[in-house]
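Dear colleague,

Please find below the structure that I am handing over to you. My findings follow directly after it.

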Amino acid sequence: MSEKDQQLRALALEEIEKYKQKVEADPYRQSFHHMPPVGLLNDPNGFIQWKGTYHLFYQWMPFDTGHGAKFWGHYTSEDFVNWTHEKAALTPSEWFDKNGVYSGSAVSHDGLLYLFYTGNVKDEQGNRETYQCLAVSEDGIHFEKKGVVVHLPAGYTAHFRDPKVWKKADHWYMVIGAQSENMEGKAVLLRSSNLYDWELLGSITGSNEEQLGDFGYMWECPDVFELNGKDILIVSPQGLEEEGMNYANTYQSGYFAGILDYAHPKFNHGPFRELDRGFEFYAPQTTLDEKGRRILVGWMGVPDQYEQAHPTIENQWVHCLTIPRELTWNGEQIIQKPVEELKEMRGPVLLHSSITIENDQKAIRGVEGKPIELNLEFDKVEDQFAIELFQHASLSYKEGILTLSRPHLEDKKKTEFRRVKLEDGLKNLHLFIDHSSLEVFVNEGKEVFTSRVFPQPDEERILFTSLGTTTFSIEQWKLNGFNF
């Protein structure tokens, strides 16, 4: 451990201690989401199950609630419910990462844990340099930096980052989110036989390639994996224009499905589909666990989307991660569902069957408060149905369109909306409500809305409205939350 590394760790610990009481007293602190102990959290990194333990790293700026020279924070768990907040895994301590240990991934090899990440460097004039770097651990807690393993290739700007590494047959592969010198977003593939020496294979798809028109000026946080015989590329493109109900956030996250030709590196794929329809979702990362499940965690935030308007800023912290979700492929699209282990957070169930509301708004006995989990099964929606959460956010359905609304984070007099068309109508809503977030799984996970919500902390009312007749059943569980 270098002297600089020790200094940065000591300063971060001082910052945690300095603001500990203020942070923990915030009524918007979450019960079952990963948060920073102080400062800013963004992308999940290095998500892996290694030797039976889940490791979930995250981008962390301890000294500010804005972006800057990031650390890698670190959580571990055996079961997705009981978590340990470990010491920081990596700090921006070396010449090749001095302006930020940026996003990356983890793999296991020969009993060791390998972290790949982007080292961000800026010179005195603010010009960016980028390096793909490696750190290795024997115990999953202490990491030795091995330095740079990939330099910036010709044809790309220094926006070349976020390595995701996996093994296929006898080779390791790395996909990088990149920007070409023509200012086009790309997914770039590299190959290695030893994790240290990497061969550039080139772009496998991207903006203005044969399968896509103009599709953004930068692609961040790529992730390649197989799901039930389909190759999936998750990516977060920047520079898409809003298109009807699609691409409503500042930047997007979604996926292409197809076949990755490893012999002649090219990804033959279908159209882009957003993973989430809510206000805050970006930079998701997946891992394959020891049960064979493909599990995703995302950042509950969006870059450059009124981050400084979050009310937690005044208490010296901002952002959290989503709950872990299992991904499956139904033959047409990705399905997302909360991992089974989260059921361990549940208290006793409250069940109301065959509720009918006709041209009325009403509360349902006992359905209130936070943190809670709600599951609604619909038998009939004649005209319009809505759930009002804490006199703050609303989830409404009419004429095949599901809409989430909330007060605009910057201009509280305005209401902002996110929408999606449900081809099969409204069948099911599965809500996870924390102190300052909402995750809604729609029609058994065909669509998801992920958002931060900041109601009055003591407001607990949940109201249900129907124009025409709506008949449904509802289950509620009070949630105990994660044990941190």
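In this predicted model, Ser2 is partly exposed, since its relative accessible area is 25%. The residue belongs to the segment that precedes helix α1 (3-24). Leaving aside residues up to four places away in sequence, Ser2 touches Ser93 and Glu94. With Glu94 there is also a polar contact of 3.2 Å between the two side chains. For orientation, Pro62 lies 60 residues from Ser2 along the chain, and the C-alpha atoms of the two are separated by 19 Å.

Five strands make up an open sheet with mixed pairing, in the order β4-β3-β2-β1-β20. Its edges are formed by β4 (83-85) and β20 (317-318), each of which pairs on one side only. Within the sheet, β1 (residues 39-50) and β2 (residues 53-61) run antiparallel and are joined by seven bridges. In this pair of strands, Ile48 stands opposite His55 of β2.

Finally, the cysteines. The structure contains zero disulfides. Cys221 is in no disulfide, and the nearest cysteine sulfur, which belongs to Cys133, is 16 Å away. Cys221 has a relative accessibility of 8% and therefore counts as buried. For Cys320, the closest cysteine sulfur is that of Cys221; the two sulfurs are 16 Å apart, which is too far for a bond. Cys320 likewise counts as buried, because its relative accessibility is 0%.

With kind regards

Terms used. Residues are numbered from 1 along each chain as its sequence is written. This is a predicted model: local features need pLDDT of at least 70, side-chain atom pairs count only at pLDDT 80 or more; totals for chains, interfaces and linings use all residues. Side-chain values use heavy atoms; hydrogens and water are left out. Two strands pair if DSSP finds at least two bridges between them. Helices (H or I, at least four residues) and strands (E, at least two) are DSSP runs, numbered from the N terminus. A disulfide is a pair of cysteine sulfur atoms within 2.5 Å. Buried means under 20% relative accessible area, exposed over 50%, partly exposed in between (1.4 Å probe, protein chains only). Contact means heavy atoms within 4.5 Å. A polar contact is a pair of N or O atoms within 3.5 Å; within protein, one must be able to donate a hydrogen and the other to accept it, and residues adjacent in sequence count only if both atoms are side-chain atoms.
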